[in-house]
Amino acid sequence: MAKAPVHLQYAKYHIASCANCDATVAVSALAPNQHAECPRCHNTLSSGSRWGLHRCAMIALSILILMPFALNYPLLSIDLLGTRIDASVWQGVWKMATQGYPYTAFMIFFCAVFMPIAFALLVILLRLAQLIGLKPRKVLLALGYIKPWVMFDVYLVALGVTMFKVREYATLQVDIYLIAFVFTALLTTLLFIKLNLNALWNDFYPQQRLLTRLPPQAPCLCTECQYTFRTPLFDKKHRPHCPRCDSRLDTPPEIKLQRTWATLIAGIIMMFPANLLPISVIYLNGAASASTLMSGVISFVESGSYFVAFVVFTASIFIPVSKIFILLYLLICVHFNLKQPIRRQMRLLHIVHFVGRWSMLDLFVLALMMSLVTRGQIIDFSVGPAAFYFGAAVFLTMISASQFDSRLLWKIYDRQQSNPRRPGQ
């Protein structure tokens, strides 16, 4: 971690505002193995760890080459009543869409097919823009938006859960194309780590120089491109815009709170049918056996697969419910100016951002089961009505967490620190 000294050397440091707590910090020039943290909330302000855009584009191109094998070719196979049945990512999505569950299929397609491909394509577009001298403002913004929705790593865990679930019904085989899927997931994760968006913004827009001295007034911050500057630009309607990414800067905190509340309440409503209705139905010789989220966990426990039961319970029940309660707690703190430990609040918010995407695990397992256990056999598998509500709840709570502005918590903390309650009051 790089820390700025008390006496700043302006040739070696620049001024940055923290997007999490609004603190103004001096950030040093970093070595490749260093990163700069906000001394107040420990948010990463800058990182020296990065790869060149040429290398990142080569990784993205490798991902695109592997994509057809990872998405369209069989990953798992079973021998069901003498018939070989294969399961692939695309086949699961297609069967779910054509058998009456198009909205649920779209959610899986969005996270497991569209977003990974879009992420790799955008990195390649950045490299092309660099070669021909374009300013890819929209591409850089899009990369920041879609990163949380690329869920290849979640799908990889779903493959493991499906293996345990299917082995009760048939002999399971792992296909060689699973190697392509694993490598695609690893390369995507590596690209996440080494693609430094803040550094790329500085590379493509060198004319928007970083602040090297504190301005007379508090500096402005664009939370979209993490740019700290003196004064914004104004359009014809006198609305402030970021001089680097052209994003609007005048969204009031009340609007952000309304968006957070609206998506969170909608997610809470969706969680009731998601947990009460069947999420899957298995037919054995024509007899239907419906399974809810909790009964699926119980079936793993009864079969002795305690670790798989723990993973499914954590991803499908514990994380979605905990995320809702944490967001409710943080919103109540903001609305009622509650005095709570700020470190605990920020830790909880970071947990929500980190674990929210893992709730899609159950839907990915359903898509794989739709591929493996087909109709027309003695055993049959179908998605239940709870699947759509569960996916909608995951999407809505992820959007709600992204809309929550942590600086509102720090404003409450700053007011309480500047106006301490006197003894006897």
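How many residues does helix α13 have, and how far does the helix reach from its first C-alpha to its last? Select residues 386-403 in this predicted model, and you will have the 18 residues of α13, which span 26 Å between the first and last C-alpha, close to the 26 Å expected at 1.5 Å a residue.

Turn next to the largest nonpolar core, a set of 97 residues in which I108, Y155, F181 and F364 touch the most other members. Helix α3 gives the most to this core, contributing 16 residues. Centre the view on F181 and, leaving out residues up to four places away in sequence, display what it touches: A70, L75, V89, F152, Y155, L156 and L159. Another core lies apart from this one and holds 30 residues, including A23, A36, C41 and C333.

Now go to strand β1, residues 13-17, and pick H14 within the strand. Is H14 buried or exposed? H14 counts as buried because its relative accessible area is 18%, which falls under the 20% cut-off. Once neighbours within four places in sequence are set aside, H14 is in contact with V25, A26 and V27, and also with L210, L211 and T212.

For the last stop, show the surface and select L125, L128, L131, I132 and L134, which form a nonpolar patch there with about 510 Å² of accessible area together. L134, one of these residues, sits in the loop that lies between α3 (102-132) and α4 (137-146).

Note on methods: Residues are numbered from 1 along each chain as its sequence is written. This is a predicted model: local features need pLDDT of at least 70, side-chain atom pairs count only at pLDDT 80 or more; totals for chains, interfaces and linings use all residues. Side-chain values use heavy atoms; hydrogens and water are left out. Patches are made of residues with over 30% relative accessible area and no salt bridge: like charges are joined within 9 Å, nonpolar side chains (Val, Leu, Ile, Met, Phe, Trp, Tyr) within 5 Å. Accessible areas come from the Shrake-Rupley method with a 1.4 Å probe; for residues, only the protein chains shown count as cover. A salt bridge is a side-chain nitrogen of Lys or Arg within 4 Å of a carboxyl oxygen of Asp or Glu. Helices (H or I, at least four residues) and strands (E, at least two) are DSSP runs, numbered from the N terminus. The expected span of a helix is 1.5 Å times one less than its number of residues. A nonpolar core is a set of buried Ala, Val, Leu, Ile, Met, Phe, Trp, Tyr and Cys residues joined through side-chain atoms within 4.5 Å. Buried means under 20% relative accessible area, exposed over 50%, partly exposed in between (1.4 Å probe, protein chains only). Contact means heavy atoms within 4.5 Å.
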